[in-house]
Amino acid sequence: MGETKRQLHLGAFIYGVGHHIAAWRYPLTDSLGLFTFEFYKQFAQTAERGKFDMIFIEDIPALPEQLETAIQYTVPVRAEPLTLLSTLASVTSHIGLAGTVSTTYSEPFHVARKFASLDHLSRGRAAWNAVTTSMEITSQNFGQDHHLDHAIRYERAQEFVEVVTSLWDSWEDGALRIDKATGLFADPDKVNAIRHQGKYFSVQGPLSIPRTPQGRPVLVQAGSSETGQDFAAKTAEVVFTAWQTLEEAQAFYSSLKGRLGKYGRKRDHLKVLPGVLPVIGSTEQEAREKEAYLQELVLPEVGLSMVSRTLRIDLSSYPLDRPVPDLPDATSINGGKSRYQLLVDMARRDKLTIRQLVARVTGARGHKTIHGTPEQIADHLESWFTNGGCDGFNIMPPYLPGGLEEFVDHVIPILQKRGLYRTEYSGTTLRDHLGLEIPGNKFQQERHKQQQAN
Ligand SMILES: Cc1cc2nc3c(=O)[nH]c(=O)nc-3n(C[C@H](O)[C@H](O)[C@H](O)COP(=O)(O)O)c2cc1C
């Protein structure tokens, strides 16, 4: 029998009413749908119709620094991820449900409990995107006078994830007995306190929820800096990232996969999914016009403010048609390092003026935008996938609901015809879709080791 062909993994990334910064002004966007259950239900069910591995919702528990511009001209409001994903679990049956929670602005017990609940209630479809939060102003919403340093945020994140996974393992497989005849509900020998005493957290455990259908919800990570990559190599099973060129994506892919061995992990234990914003037309010309129209809807001050925020410099005092001023490397940056570096590299590499840089990144916030016919979009995805750039993509529809529907109706069938994508789900859990094994339970493994030693 021949080897099964490697297939793409796809996430459907929810972001406001669409990823393009001007999405809410686009005539085909359901801007009034934001915060209605029907809007998200349609999104999730369309993605499930397209056999996506998962839907994904990002989160920052704060509004941006340039509050006035953000509120006046963009869509900075978001539903809380766990609340949203719980409602979507009830109107879908297979698709994975990935949500973001910050390790800098929450507590491990809460996070372990919420995702374990979602995993049970969705029958094995939960994933946690563990982020360190790049937006410095967030500290002001949590009684802290400053945003922790980048290195400290990652150190805390590492310990945070260790505590969460221990809590998920605190109930061993088979701990639940539910034996009506004897009256035994659970076996106390198989429920473990975790007794964690660390630098940032002190957690006794056990969790108030038994081991979940996936063993543990899937762990996602989305930082791409050196420290972010090490964190991901040690713990993550899916990595979201942003790259402009295939060469950059390949370098990241091999750098990240190359780190896995250090932690005793195999290359396919972690899936790398860069973001892509597809602008689809029935002809290339139509797609180009659509993209140009979306760009026309971006007010100049909006683009400038967004790029200024990422680069941490007020660009409004510089002439728009002069080159982007010299900027330091990311070492001095305390927010998100990789997105900052991506913009600096792009400006340097392509010798961009401020106006050109703003035009390039306002659409997809530094993610790759591709416009074209469904065939051309499929060609692009195939090329990155087969040339060592990724294991799949996080699809970022420019406007909703149409942007996702077009992808599902026109691009997915081409990928399926090429054998690059599933035509049916072969399992029911997110781990099944991603080809990830159920992780061993650390308490069971320790017990097993002890028994062998005795
Ligand atoms: C697809 C994608 C989604 C992300 N979602 C979030 C998010 O929801 N919340 C957040 O604070 N950061 C998010 N990030 C940013 C990273 O998690 C991270 O905070 C940032 O890149 C800084 O880490 P770094 O310095 O290691 O790059 C996302 C990044 C990517 C590529």
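Thr429 is buried, with a relative accessible area of 13%. Buried here means under 20% relative accessible area, exposed over 50%, and partly exposed in between, with a 1.4 Å probe and protein chains only. The model is predicted: local features need pLDDT of at least 70, side-chain atom pairs count only at pLDDT 80 or more, and totals for chains, interfaces and linings use all residues. Residues are numbered from 1 along each chain as its sequence is written, and side-chain values use heavy atoms, with hydrogens and water left out.

Thr429 sits in the loop between helix 13 (402-417) and helix 14 (430-434). Helices (H or I, at least four residues) and strands (E, at least two) are DSSP runs, numbered from the N terminus. Setting aside residues up to four places away in sequence, Thr429 touches Arg123, Gly124 and Gln214. Contact means heavy atoms within 4.5 Å.

Arg422 is also found in the loop between helix 13 and helix 14. Arg422 is buried, at a relative accessible area of 10%. Its side chain makes a polar contact with the side chain of Tyr421, at 3.4 Å. A polar contact is a pair of N or O atoms within 3.5 Å; within protein, one must be able to donate a hydrogen and the other to accept it, and residues adjacent in sequence count only if both atoms are side-chain atoms. Beyond residues up to four places away in sequence, Arg422 touches Gln7, His9, Lys51, Phe52, Asp53, Gln416 and His433.

Met306 belongs to helix 9 (residues 300-311). Met306 counts as buried at 8% relative accessibility. Leaving aside neighbours within four places in sequence, Met306 is in contact with Ile21, Val361, Thr362 and Arg365. Met306 and Lys266 are 40 residues apart in sequence and 38 Å apart in space, C-alpha to C-alpha.

**Helix 6**

Helix 6 (residues 226-235) has as its buried residues Gly228, Gln229, Phe231, Ala232, Ala233 and Thr235. These pack against strand 4, helix 5, strand 9 (218-221), strand 10 and helix 7 (246-260).

**Domains**

The domain assignment gives domain 1 (9-285 + 366-453) and domain 2 (299-362). Such bounds come from an automatic or database domain assignment. The C-alpha centres of the two domains lie 28 Å apart. Domain 1 puts 24 residues into the contact, and domain 2 puts in 20 residues.

**Ligand site**

Both domains give residues to the shell around the ligand, so the ligand lies between them. Of the 25 residues around the ligand, Asp59, Tyr154, Ser225, Lys337 and Ser338 come nearest. A residue is near a molecule or strand if one of its heavy atoms lies within 4 Å of it.

| Residue | Protein atom | Distance |
|---|---|---|
| Asp59 | polar backbone atom | 2.6 Å |
| Tyr154 | side-chain N or O atom | 2.6 Å |
| Lys337 | backbone N or O atom | 2.7 Å |

Taken alone, the ligand exposes 610 Å², and the protein buries 94% of that. Accessible areas come from the Shrake-Rupley method with a 1.4 Å probe; for residues, only the protein chains shown count as cover.

Strand 4 (126-131), helix 5 (150-169), strand 10 (238-241) and helix 10 (337-349) each supply at least two residues of the shell. Helix 10 gives the largest share, 3 residues. The shell residues divide into 7 nonpolar, 14 polar and 4 charged. Ala, Val, Leu, Ile, Met, Phe, Trp, Tyr, Cys and Pro count as nonpolar, Asp, Glu, Lys and Arg as charged, and the others, Gly among them, as polar.
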